[in-house]
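Here are some notes to read beside the structure. They are numbered so that each point can be checked on its own.

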Amino acid sequence: MKKESLYKYLLLLGDNSMILAHRLSELCGHGPALETDIALTNISLDLFGQVRSYFQYAAELKGGDATEDSIAFLRYGREHYNCILLEQPNVDFGHVIARQFFFDLFQKLQLEQLVSSNDKKIAAIAVKSLKETKYHLRFSSEWIKRLGDGTEESHERMQSAIDNLYPFVGEFFKETDLEKEMKEEGIGADLFLIKSAFDKEVMKTFAEANLKIPEIASRMTQGKYGIHTEQLDYILNELQYMQRAYPNMEW
Amino acid sequence: MVKGQIYIASKEIQDALESVCDPEIPVLTVMDLGVVRRVEEIDGVVEVDLTPTYSGCPAMDTMATDISSALMKKGYKVKMSLVLSPAWTTDWISKEGREKLEKYGIASPLTEELDLQALMGGDRIVACTNCHSINTKLISQFGSTACKALFQCKDCLEPFDYFKCLK
C-alpha cells in the first residue's frame, strides 16, 4: 500500500468532521436555546478533537515540516475531500439537525467498521471517536423525532430540511478508487455494507418521527474528489484567515 | 489503580502527580481521573503516557503542561506521550475521585444501563448532589462540558451536572 494513499484517506476521514465542526462552531452563541447551543458546540469540539487525531497521524506520514495545523489551515479548496453535505449552510435548526443526523448515523456505522481496521492507529482513533459519536447520534435522532412529530410548523420545516439535504446523502456511499483500495487493504470501511444498515435506520427513525424519505434522485456530487460547492470557500476563508493573513502566527 | 495502568516511580513523583488537577474540575487530580496510563522513571527521565477523556477536551493540553512542570520543578526530565488506546472510560475514575465529584456538586457516572435510561429522560435515577433526592429531571444531554449532562432536582430545585458514563 502506498503511503500517499493512506495519507489521503486520513484527510478524507478528517475533512468530513472538520468541515461539519466548523459549521457547528458558527452556532456558538446563536443556538435556538441555551441547551442546544451548548450541545452543538460540544459536538463541534468532539469532532475537532477527532480531526486532530487524524491530522496528527497524517502529518507523521507526510513528514518534513507538516503538522496537524498546516494540514488544517494551509490546504486549498480542491485539496479537501469532505462530502458536500457537510459544507451545506446551517439555514435553520431543522437543517442543522438533518445534516447532523445523516452524518452521525453514517459516521457511527463507518467507525464500527474502522475499529477493526488493519491500521492500528486508525483503529484506536475509531474506538475513541465511536463512543462520542454514539452520544451525538442520540442527540440528533431525538431531535429528528421531536421536530418531525412536533407541531405543524416544526414538522413542515423538518421535512423541508430533509427534502433539501437528502439528495446529498448518496455521496457517502459512492466508493472512490481510494476507498476501494483502503477497503481491499483491510484499512478502510466497506461502504456497501454501511448503506443497507443506514437505510434501515433512517426508515425506522423517520417512521417514528412521522417524516417521509423524499423520492428525489441523488445529486451528482464529487466532494470526495475535491470538487466542491461555493460553500466550502466561504468556510475556508474564515477557518484559514489567521494563518493566511499572518503566516505561522501563534498565540 | 486501574487494570492496565503501569506505575513504576518514587513517592516524590507520585506526590508531584497528585498535585496536578483537572482545570475544569479542580477537585480531581489527574490520578483520580485515571488519565495517566503509564509512569516510569528511566535514568532520571520520567516517561508519562496520558490518554484523553474526550477527543476534543481542551483540558488535556493544560493537564499535560501542568504534569510536565510539576515534575520539572522536582528536577526531573519529562517525556510525555499521548496514547489513544485503550480508550479512556469513566470506569477509570477512582473511588476517591467519585466521592470528590459528588461533594463538589457533580453526580458521578452510573452504570451504562442506568446512564442510558437517565439520558433518555428516565425518572428517579440520578440523585441530587445537594439534597440526595432522586426526584430529578434531565435538562440537557450536554452540560457545561462534553463530559457532563445537566439535571435539576425537583425537590430542592438545585440544577446540577451529571458526569456521563463513557464506556
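1. Along the sequence, chain B runs β-α-α-β-β-α-β-α-β-α-β-β-β. That comes to five helices and eight strands, where helices (H or I, at least four residues) and strands (E, at least two) are DSSP runs numbered from the N terminus. This is a predicted model, in which local features need pLDDT of at least 70 and side-chain atom pairs count only at pLDDT 80 or more, while totals for chains, interfaces and linings use all residues. Residues are numbered from 1 along each chain as its sequence is written, and chains are lettered from A and ligands numbered from 1 in the order in which they are written.

2. Taken along the principal axes, the C-alpha atoms of chain B fill a box of roughly 55 × 25 × 25 Å. Chain B has 167 residues, and 42% of them count as buried. A residue is buried if 20 or more other C-beta atoms lie within 10 Å of its own, exposed if 12 or fewer, and partly exposed in between, with C-beta atoms placed from the backbone. Of the contacts in chain B with a separation of 6 or more, 53% are between residues 24 or more positions apart. Two residues are in contact if their C-beta atoms, placed from the backbone, lie within 7 Å.

3. Seven residues from domain 1 of chain B and six residues from domain 2 of chain B make up the contact. The domain 1 side of it has three nonpolar, three polar and one charged residues. In this classification Ala, Val, Leu, Ile, Met, Phe, Trp, Tyr, Cys and Pro count as nonpolar, Asp, Glu, Lys and Arg as charged, and the others, Gly among them, as polar.

4. One peptide bond in chain B deserves a look: the bond from Ser85(B) to Pro86(B) is cis, with omega near -5 degrees. Pro86(B) sits in the loop between β4 (77-82) and α4 (95-104) of chain B.

5. How many residues does each chain bring to the contact between chain A and chain B? Chain B gives 14 residues and chain A gives 18 residues. On the chain B side these are eight nonpolar, five polar and one charged residues.

6. Phe48(A), in helix α2 (residues 34-62) of chain A, is in contact with Ala21(A) and Gly56(B), leaving aside neighbours within four places in sequence. Is Phe48(A) buried or exposed? Phe48(A) is buried, because 20 other C-beta atoms lie within 10 Å. Its C-alpha atom is 9.1 Å from that of Leu20(A), 28 residues apart along the chain.

7. Met18(A) belongs to helix α1 (residues 3-25) of chain A. With 25 other C-beta atoms within 10 Å, Met18(A) is buried. Not counting residues up to four places away in sequence, Met18(A) touches Val51(A) and Ala72(A). Met18(A) and Ser44(A), 26 residues apart in sequence, are 8.6 Å apart from C-alpha to C-alpha.

8. Next come two helix pairs in chain A. The axes of α5 (residues 93-114) and α7 (residues 152-165) of chain A come within 8 Å and cross at roughly 55 degrees. Axes are lines fitted to C-alpha atoms, for helices over the stretch in contact, and angles run from 0 to 180 degrees between N-to-C directions. α5(A) and α7(A) are therefore oblique to each other: angles under 35 degrees count as roughly parallel, over 145 as roughly antiparallel, 65 to 115 as roughly perpendicular and the rest as oblique. Residues of α5(A) in the contact include Gly94(A) and Phe102(A), and those of α7(A) include Met158(A) and Leu165(A). By class, this contact has six nonpolar, four polar and two charged residues.

9. The axes of α6 (residues 120-148) and α9 (residues 191-209) of chain A also come within 8 Å, crossing at roughly 35 degrees. Ser141(A), Ile144(A), Lys145(A) and Gly148(A) in α6(A) meet Thr205(A), Glu208(A) and Ala209(A) in α9(A). The classes here are two nonpolar, three polar and two charged residues.

10. Val91(A), in the loop between α4 (84-87) and α5 of chain A, is not a glycine but has a positive phi of about 55 degrees. Val91(A) counts as partly exposed, with 15 C-beta neighbours inside 10 Å.
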